[in-house]
Amino acid sequence: MIQSIEDYLKEVQNFVAQGKEEMEQFRIRFNGKKGILNDLFAKFKEVPNEQKKEFGQKINLLKQSVAEKLESLKSTFETSQTEVKEDLTRPGFPLDLGTRHPINLVRNRIIEIFKSIGFAVADGPEIEDDWHNFTALNLPEYHPARDMQDTFFIETHPDILLRTHTSSVQIRHMEQSEPPIRILSPGRVFRNEAISSRSHCIFHQIEGLYIDKAVSFADLKQTIQFFTTELFGKSKIRMRPSYFPFTEPSAEVDVYWGLNSETDYRITKGTGWLEIMGCGMVDPAVLTNVDIDPDQYSGYAFGMGIERIVMLLYQMGDIRMFFENDIRMLKQFSLV
Ligand code: PHE
């Protein structure tokens, strides 16, 4: 009798089931009403007294190992059952990848180019005060050049405005650091202009500033030429005298685009030249305003509108497209 329990124990330990069906047969065979365990318990009475203890222990062991086996079989089949619900061969849901906005693509490219020659990115607030946007930049109250940038003021606080250029970030940066300074300030700017295909009341600028000992106009020209070569693959530039209150001398930069196609004629108005940015040597009065000694240091600054450059690079005809979030436009900048 004891021997047969030992055999049952081995059987239980070695049992494997292919599915729920076989597991159920196993359960009935051992745990059913007329199953092996009940049968053995019934035979307990017939066992001679001196064997009762050992017999009892063995049956209990068998009962326990049947229970453990059933438990482990159950958990196997239950988990695999939920997996079966999923069709593993079904293709995954296609993830709709977003695209980068063309303004960001070009901004990042410009940052990359200037980073490679040591410029870092500086950030500042879009809601500015008069000092950082105008006065410190050599544009005191009633200066006629303030009219060049139609400004949104906060009605109740005439000193607070939406920045009209990111030159304000340069003032903030110069106030807080010592030369050498080499920064780029990209960001949104606001001007109270009529919205048309060529101009908008919100647009993006990226401005650069370099302050150190003995920085010259030649450094400025060289830097801009490096930039146009990297961005457009065009190294022929010209500088026309211009006026900005915060730079002296000031210049407007044109890049020679060429006249190879009809579009070239159209966007350059038949001249082959395209205006891309304003620049100049930082006015000593600006350096004084931010406590940098103009006798020791000099520097250059430049600034450009990102939309204009995107429109050139991608031949886009209407600035309003950038702010409409039309998915048909955005999808064309998909990276895949
Ligand atoms: N801040 C000028 C603008 O918004 C651009 C500029 C920057 C010009 C730096 C010269 C030097 O028009």
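Modeller: Let us begin with one pair of residues in this predicted model. Isoleucine 181 has isoleucine 211, in β6, as its bridge partner.

Colleague: To which strand does isoleucine 181 belong, and how many of that strand's residues are buried?

Modeller: Residues 181-190 form strand β5, and 8 of its 10 residues are buried, so the strand counts as mostly covered.

Colleague: In which sense do β5 and β6 run, and how many bridges join them?

Modeller: The two strands run antiparallel, and 10 bridges join β5 to β6, the latter spanning residues 202-212. Another position in this pairing is proline 186, which stands opposite isoleucine 206 of β6.

Colleague: Which sense applies to the pairing of β5 with strand β1?

Modeller: That pairing is parallel, with 2 bridges between β5 and β1, the strand of residues 120-121. Here leucine 184 of β5 has valine 121 opposite.

Colleague: Why may β6 be described as largely enclosed by the rest of the structure?

Modeller: The reasoning rests on burial, which means under 20% relative accessible area. Of the 11 residues in β6, 10 are buried, and therefore the strand is largely enclosed by the rest of the structure.

Colleague: How many bridges join β6 to strand β10?

Modeller: There are 8 bridges between β6 and β10, which comprises residues 298-305, and these strands run antiparallel. Within this pairing, glutamate 207 faces glycine 303 of β10.

How values were computed:
Residues numbered from 1 in each chain as written. Predicted model: local features only at pLDDT ≥ 70, side-chain atom pairs only at ≥ 80, totals over all residues. Heavy atoms only, no water. Buried < 20%, exposed > 50% of the residue type's maximum accessible area, 1.4 Å probe, protein only. Helix = DSSP H or I, 4+ residues; strand = E, 2+ residues; numbered from the N terminus. Pairing = 2+ DSSP bridges.
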